[in-house]
Amino acid sequence: MNDTSHSGPYLVGQLLIAMPGMRDERFAKTVIYMCAHNEEGAMGLVLNQRLESLTFAELMSQLEIDEDNTAKGVPVHFGGPVEAGRGFVLHSDDMVRKETLNIDKGVALTSTAEFFDDLSKGKGPKNCILALGYAGWQPGQLEHEIMRNSWMSLSVDNSFLFDDEVSRKWSQAYKLMGIDPNSLSSESGRA
């Protein structure tokens, strides 16, 4: 059954799930939430890779933002290899600023110092993922990778996005599709 909630070939608001044969090690077994996708290219955030080497407190210190004790539990994710020093917050849309990009039903993206300051004070949105860097594609590049059998796409509800079970997201995404990733071939072909 085709998902008709998105117009055209664009994947905004959907997940990209790396195929088992993904050749790029940076994206092996990743789940990426697509924040932007149009004729100019695509941008998404990896949802299932935490940066164990950096705590929220350390990040706030690097950004010279005073951190309140209420925000210590915010994990920092690897959002992708592009602009790895830049922070992005994928979040529920219960809190938005004028700079916020509304992506899909109840999901938004913000990347401002003021938003990080709110997070540090425990005044952030109900659900959020803090990521450093993003995954980006030039015009036509993502479509080419999909044709080469590198990615599958999936629409999910927001509870899946903001679920803390980071290590299981890849296998859970395949389970939602009803597919055993071990049964998939890494070879692509066209009929």
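This is a predicted model: local features need pLDDT of at least 70, side-chain atom pairs count only at pLDDT 80 or more; totals for chains, interfaces and linings use all residues.
Local features were taken only at pLDDT of at least 70 and side-chain atom pairs only at pLDDT 80 or more, whereas totals for chains, interfaces and linings use all residues. Residues are numbered from 1 along each chain as its sequence is written, and side-chain values use heavy atoms, with hydrogens and water left out.

E83 is not a glycine, yet its phi is positive, at about 50°. E83 belongs to strand β5, residues 82–92 (strands are DSSP runs of E of at least two residues, helices runs of H or I of at least four, both numbered from the N terminus). Its relative accessible area of 41% makes E83 partly exposed (buried is under 20%, exposed over 50%, partly exposed in between, with a 1.4 Å probe and protein chains only). A positive phi also occurs at N149, another residue other than glycine, with a value near 70°. N149 sits in the loop between α3 (141–147) and β9 (151–154), and is partly exposed at 24% relative accessibility.

K169 is part of helix α5, residues 169–177. K169 is buried but forms no salt bridge (a side-chain nitrogen of Lys or Arg within 4 Å of a carboxyl oxygen of Asp or Glu). The nearest side chain of opposite charge is that of D163, 4.9 Å away (Lys and Arg count as positive, Asp and Glu as negative; His and the chain ends are not counted). A polar atom of the K169 side chain lies 3.1 Å from the backbone oxygen of D163. Leaving aside residues up to four places away in sequence, K169 touches V31, L47, N48, F160, L161 and D163 (contact means heavy atoms within 4.5 Å).

Notes:
A polar contact is a pair of N or O atoms within 3.5 Å; within protein, one must be able to donate a hydrogen and the other to accept it, and residues adjacent in sequence count only if both atoms are side-chain atoms.
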